[in-house]
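The following exercises concern a single protein model. Each task is followed by a worked solution in steps.

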Amino acid sequence: MYVVCKDHVELAIDMFVDEFEDAPDVVDLEHTKFIDWEPPVKCEQCDHEARFLIV
């Protein structure tokens, strides 16, 4: 699972495929809310706002 900004979506997808050998789901965090989980505010790769969840 990766939480990244728009600039790092491709990198996160590549990392996911390398690790799990399967295509991930890409969730837009602006349009999705979770009951028991609050996503990180910052991208895992930089200091930009986290926008996508790659799972």
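**Exercise 1: the largest pocket**

The largest pocket holds about 230 Å³ of space. Determine which residues lie nearest its centre and how its lining divides by class.

*Solution.* The model is predicted, so local features need pLDDT of at least 70 and side-chain atom pairs pLDDT 80 or more, while totals for chains, interfaces and linings use all residues. Residues are numbered from 1 along each chain as its sequence is written, and side-chain values use heavy atoms, without hydrogens and water.

Step 1. On a 1 Å grid over the protein atoms alone, a pocket is an open set of points where a 1.4 Å probe fits, with protein on both sides within 12 Å along at least five of seven lines. Its volume is the space filled by probe spheres set on the points, which are joined across faces, edges and corners.

Step 2. Lining residues have an atom within 4 Å of a point; there are 13, and Leu29, Lys33, Glu38, Pro39 and Ala50 lie nearest the centre.

Step 3. The lining comprises 7 nonpolar, 1 polar and 5 charged residues. Here Ala, Val, Leu, Ile, Met, Phe, Trp, Tyr, Cys and Pro count as nonpolar, Asp, Glu, Lys and Arg as charged, and the others, Gly among them, as polar.

**Exercise 2: Asp7**

Decide whether Asp7 is buried or exposed.

*Solution.* Step 1. Buried means under 20% relative accessible area, exposed over 50%, and partly exposed in between (1.4 Å probe, protein chains only).

Step 2. Asp7 has 60% relative accessibility and therefore counts as exposed.

Step 3. Between the C-alpha atoms of Asp7 and Phe52 the distance is 10 Å, although 45 residues separate them in sequence.
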